[in-house]
Amino acid sequence: MLVNCEGGAAASAGDKLPDQLAQAFEAAGVRTEILILRVAELDEALGQAVRDKKRVVIAGGDGTVSCAAKHLVGTEVELALLPLGTLNHLARDLGIPTDLESAAKLAVHGQSTYIDVGEVNGQFFVNNASIGLYPSMVRRRDMPQRRALPKWLAALPASWEALSRIRHHRLYVDMGAGEHPLVTSLLFVGNNEYSLEAGSLGRRTTLQAGNLSVYAIGGRRRLALISFALRALVGRIDRLADFVVIGDCREITVRSLGGSIEIALDGEVQRLACPLRFRIVPRSLRVVTPPATEPGV
């Protein structure tokens with residue numbers, strides 16, 4: 001088991017975490033080797049695990065899973081999740097239990113299935129990639145003076161600052177029917193379709209449809225964007241009024257006027273060279289899921 005000690009729930013548990021994990025897996029009937037790692041150490045440990053293990057347990061959030069994906073995509077190694085991050089979107093959409101004992105039992109005894117993964121310029125994402133407002137908010141949320149705060153709390157002033165300093169990106173987008181210009185404050189590319197409906201906003205019913213789901217916000221005025229953000233919180237998004245691009249595709253190319261662009265991949269911000277070439281990699285990551293909630297069933 002590889003544990004990201006900097007993940008939200010893992011960091012909160014502190015020194016008690018190794019014992020809690022060991023007890024949960026002993027209750028599931030096995031003993032496991034537990035490696036408590038910082039983010040900078042995960043990459044090497046994952047590379048080693050892929051070479052000599054059949055199933056790897058990852059304890060952390062979406063960023064940790066995204067880090068694991070680059071080693072596991074296209075292999076037969078099974079990935080079991082313990083949702084110990086801040087939001088755990090992938091684990092939620094896969095139906096992974098949130099309590100440690102149930103998640104450990106599933107990690108030991110559950111069956112695996114294949115899910116799709118998104119890719120952009122050689123980088124994998126299990127949830128989504130975005131340009132514009134969201135990377136700006138994440139960068140502000142993760143500033144040194146806010147690192148001591150829980151991520152959800154640090155996100156409040158960071159979101160306001162991002163909205164107060166809106167930058168509209170002039171992009172050129174090709175979803176397979178030729179290149180079209182686009183001016184937007186947020187371009188979102190999801191690994192499969194995200195719901196926009198009240199009660200299920202931001203959730204996915206399948207991770208096996210083999211599509212990228214593309215959205216771009218249309219409004220340019222600050223008040224319109226604040227209104228959109230507030231309506232999104234209560235699940236009152238208007239597809240036609242709020243977005244200028246909504247569509248599914250297997251590949252999309254995004255070009256900007258600059259040589260590189262800031263992008264958030266599963267909540268981790270980095271800068272990639274343009275053009276950005278997105279594609280879906282169908283059923284390429286083997287994950288352990290509950291039988292009753294297997295994605296796509």
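Reply: The model contains 0 disulfides. A disulfide is a covalent bond between the sulfur atoms of two cysteines. To be counted here, the two sulfur atoms must be within 2.5 Å.

Take Cys 5 to begin with. The closest cysteine sulfur to that of Cys 5 belongs to Cys 67, and because the two are 13 Å apart, they are too far from each other for a bond. Cys 5 has a relative accessibility of 23%, so it counts as partly exposed; the buried class is kept for values under 20%.

With a relative accessible area of 7%, Cys 249 is buried.

Another residue to look at is Asp 242. It belongs to helix α10, which covers residues 239-242. Asp 242 has 9% relative accessibility and therefore counts as buried. What surrounds it? Apart from neighbours within four places in sequence, Asp 242 touches Ala 216, Ile 217, Gly 218, Phe 228, Arg 231 and Ile 237.

The structure has 1 cavity of 30 Å³ or more, and the largest cavity holds about 50 Å³ of space. Its lining is made up of Ile 58, Gly 60, Gly 61, Asp 62, Val 65, Leu 81, Leu 82, Pro 83, Asn 88, Leu 90 and Ala 91. Two or more of these lining residues come from each of β3 (55-60), α4 (62-72), β4 (78-83) and α5 (89-94). Strand β4 gives the largest share, 3 residues. Sorted by class, the lining of the largest cavity consists of 7 nonpolar, 3 polar and 1 charged residues.

Last comes the confidence of the prediction. The average pLDDT of the protein is 87, and 95% of the residues reach at least 70. Residues 293-297 have a pLDDT below 50, although the stretch makes 14 contacts in the model beyond near neighbours in sequence. Where pLDDT is low, the predicted coordinates should not be read in detail.

Definitions and conventions: Residues numbered from 1 in each chain as written. Predicted model: local features only at pLDDT ≥ 70, side-chain atom pairs only at ≥ 80, totals over all residues. Heavy atoms only, no water. 1 Å grid on protein atoms, 1.4 Å probe; cavity = no way out; pocket = protein on both sides within 12 Å on 5 of 7 lines; lining within 4 Å. Points joined across faces, edges and corners; volume = space filled by probe spheres on them. Helix = DSSP H or I, 4+ residues; strand = E, 2+ residues; numbered from the N terminus. Nonpolar A, V, L, I, M, F, W, Y, C, P; charged D, E, K, R; others polar. pLDDT = per-residue confidence, 0-100. Contact = heavy atoms within 4.5 Å. Buried < 20%, exposed > 50% of the residue type's maximum accessible area, 1.4 Å probe, protein only.
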